[in-house]
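Please look at the model first.

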Amino acid sequence: MTIKWGIISTANIAQKAVIPGIKESETGEVYAIASRNLDNAKETAEELEIPVAYGSYEELLADPDIDAVYIPLPNHLHKEWSIKTMEAGKHVLCEKPIALNAKEALEMEAASKKAGVVLAEAFMYRYHPRYQKIQEIIQSGEIGEIRGIHGAFTFNNAAANENVRFRKGWGGGSLYDVGVYPISAARMILNEEPQAATVHAFFSEQHDQVDMMASGILEFDHGVALTFDCGMWADFRNRLEILGTEGRIEIPSAFVTNQNKQDHFYLHTSKGTKEVEVPYVNQYALQADVIGHSIQQNKTLPFPVADAILNMKVLDACLTSAEERKRIEITKG
């Protein structure tokens, strides 16, 4: 069974990354796209060779031929339209962050269980095979015990004043947009949850007081920490470094892939530096296939919605810390 995907919104991330990824996947096809403006939907459908265009999200959800829906709407609409989609009996891939807070994410999880459908958060980088290789290196003991992780994801679009990322009430800000990447990566690599967060941020009056830059520390067990920075008004970087007692792993392009040698990572030990080559693959296609196989074979996702809830708990703590200028403990459960 081929998974027929519907796309809610003509957002750039859908057009430039997720739609091409689904088209390249083994399990899925892009069947329909919806916009609140029918002309926009038709134009995008024609440009991207999508068979069906709808002038409302409701029409797309009513289409019985659609199996799954990708939702790249602004963050404050993730819960509403994910739940509506699941109530229509369709599986959901929701753009990160899955919601505005952990409470919303819990409501979404309940809706997915009630409807008996898959709900996944769109963190495409986790499906790239290089992270499996990195985990194997760590588990082999080659870099010794992990002492710390540092991540950075920054870019500069501060001049785009109408961008939805710059609306406070819509879930704007760099922590929501790119800070979630190093946070989720540290949780994945360490396979544990942080105990506390301390974050300092630059809130911009020019951008509706969203955090345009943030720097933080997450406290994990055994004195290990993630230090990270994220920003939307800074030079572009998307890096990750895993520091061990006997070596370190450096990933120069940790979250964005280019399908060329820029995607390789480096292992530094007493033996020298080794460039580790990785397959040149489309991580959006891999993401679509993991979700497609989960739907087709009724398999549990490697990163179920429970993981998204835990990530939102950490993000909640980071946002509170930045706003209140204090360390925030993260409760379990």
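Where is the place of Ala 201? Ala 201 lies in strand E8 (residues 196-203). The model is predicted: local features need pLDDT of at least 70, side-chain atom pairs count only at pLDDT 80 or more, and totals for chains, interfaces and linings use all residues. Residues are numbered from 1 along each chain as its sequence is written, and side-chain values use heavy atoms, with hydrogens and water left out.

Ala 201 is buried, at a relative accessible area of 14% (buried means under 20%, with a 1.4 Å probe and protein chains only). Leaving aside residues up to four places away in sequence, Ala 201 touches Asp 211, Met 213, Ala 214 and Ala 322 (contact means heavy atoms within 4.5 Å).

Now the helix pairs. Two packed helices are described by the angle between their axes and the distance between the axes.

| Helix pair | Axes come within | Crossing angle |
|---|---|---|
| H1 (residues 12-24) and H8 (residues 283-297) | 7 Å | roughly 60° |
| H7 (residues 174-190) and H9 (residues 305-324) | 10 Å | roughly 120° |

The H7 and H9 crossing is right-handed. Among the residues in this contact are Leu 175 and Arg 187 of H7 and Asp 307 of H9. The contact of H7 with H9 divides into 10 nonpolar, 2 polar and 2 charged residues.

H1 passes H8 in a right-handed crossing. In H8, Tyr 284, Ala 285 and Ala 288 meet H1 residues including Ile 13 and Glu 24.

Terms used. Axes fitted to C-alpha atoms, helices over the stretch in contact; angles between N-to-C directions. Helix = DSSP H or I, 4+ residues; strand = E, 2+ residues; numbered from the N terminus. Left-handed = near helix turned anticlockwise from the far one by under 90°. Buried < 20%, exposed > 50% of the residue type's maximum accessible area, 1.4 Å probe, protein only. Nonpolar A, V, L, I, M, F, W, Y, C, P; charged D, E, K, R; others polar.
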